[in-house]
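Here is a short briefing to read with the model open in your viewer. Have a look around first, and then we can go through some of its features together.

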Amino acid sequence: MRYLLLIFLCFACVTPAHAQNDFCSIRNSSFNVGESITLKVMYNLGKMYVGAGEAVFTVALERFANRDVYHITGDGRTFRAYDWIFKVRDKYETWLDTATMQPLKFLRNVNEGGYKIYNNVVFNQAAHQAVSTNGTFTVPPCVQDVISSIYYARNIDFSRYQEGDKIPFAMFLDDQVYNIYIRYLGKEEVNTRFGKFRAIKFKPLLIKGTIFEGGEKMTVWVSDDANKVPLRVESPISVGNIIVDMVNYSNLRHPFTSLIKQR
């Protein structure tokens, strides 16, 4: 259950470093202060899926480095019934400039089966530097962290793209820069444990690792409305398959018009 919060952001280095520059001027129109989204993580056991954990994302408004920032927190944990198998307590935080949608600080504090990681990163976007717990690193313009990337992606104008198009941007994670992309796959209806939605569909190209296979194996659906809420993630993993569904939300910025029928 490693990287509970990274289930749809473990991408591969596949695009040229200059590609993300077209998106340096992106602005927030999809989420609001006070928003909360809960995702439930389910693994398949034979022919059935069993809930094993959840991730909760929240948005607050704060001041950092004399700027207004969105303080976005992602908390991921296994349910207590599964803690004896593999206990996860993950916390990721980003401080995102409200004017530029670029991260100023990123904090990662995870405990996964006793494996602990702590990394505190401060971004100097003007100097193209990331100063982490482990050193100073050169980063490209408009670089994102792993949490800010989620909220960045929610503000992509998919109407500009054709089915099959790749949408690139840069992400800093584990003291490395990944030039990454998602492939837009169009729109369709999707059934989740919350209900039936009109959705935007895309695939990230995954980094091959201990959990995920490489390639475009993962599929992501977000709501086809102004909120672009993550609705469902499906992916094969090293042993079986995983489904992640949005199961609760509050304080969305816009009406949830993509919801066709709630369960």
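Leaving aside its neighbours within four places in sequence, which residues is isoleucine 147 in contact with? In this predicted model, the contacts of isoleucine 147 are Phe57, Ile72, Tyr92, Thr94 and Phe106.

**The nonpolar core**
- The largest nonpolar core is made up of 60 residues.
- Ile147 is among the residues with the most contacts inside this core, a group that also includes Phe31, Ile72, Tyr151, Ile156, Phe158 and Met246.
- As general background, nonpolar side chains tend to be buried together in soluble globular proteins.

- Strand β5 (residues 103–112) runs antiparallel to strand β6 (residues 115–124), and eight bridges join the two.
- Within this pairing, lysine 105 has valine 122 of β6 as its bridge partner.
- Two residues lie between the strands in the β5 and β6 hairpin, where glycine 113 adopts a positive phi near 60°.
- On to the next pairing: β6 and strand β7 (residues 129–132) are antiparallel too, with three bridges.
- Here alanine 130 in β7 is the residue opposite phenylalanine 123.
- The hairpin of β6 and β7 has four residues between its strands, and histidine 128 has a positive phi near 60° there.

**A buried aspartate**
- Aspartate 90 belongs to strand β4 (residues 88–97).
- Although aspartate 90 is buried, it has no salt bridge.
- The nearest side chain of opposite charge is that of arginine 108, 7.0 Å away; this does not count as a salt bridge because the cut-off is 4 Å.

**Positive phi in two loops**
- For context, most residues other than glycine have a negative phi.
- Asparagine 66, in the loop between β2 (48–64) and β3 (67–78), has a positive phi near 65°.
- Lysine 228 is not a glycine either, yet its phi is positive at about 50°; this residue sits in the loop between β12 (219–223) and β13 (230–236).
- Is each of these residues buried or exposed? Asparagine 66 is exposed because its relative accessible area is 70%, whereas lysine 228 counts as buried because its relative accessibility is 14%.

How values were computed
Residues are numbered from 1 along each chain as its sequence is written. This is a predicted model: local features need pLDDT of at least 70, side-chain atom pairs count only at pLDDT 80 or more; totals for chains, interfaces and linings use all residues. Side-chain values use heavy atoms; hydrogens and water are left out. A nonpolar core is a set of buried Ala, Val, Leu, Ile, Met, Phe, Trp, Tyr and Cys residues joined through side-chain atoms within 4.5 Å. Buried means under 20% relative accessible area, exposed over 50%, partly exposed in between (1.4 Å probe, protein chains only). Contact means heavy atoms within 4.5 Å. Two strands pair if DSSP finds at least two bridges between them. Lys and Arg count as positive and Asp and Glu as negative; His and the chain ends are not counted.
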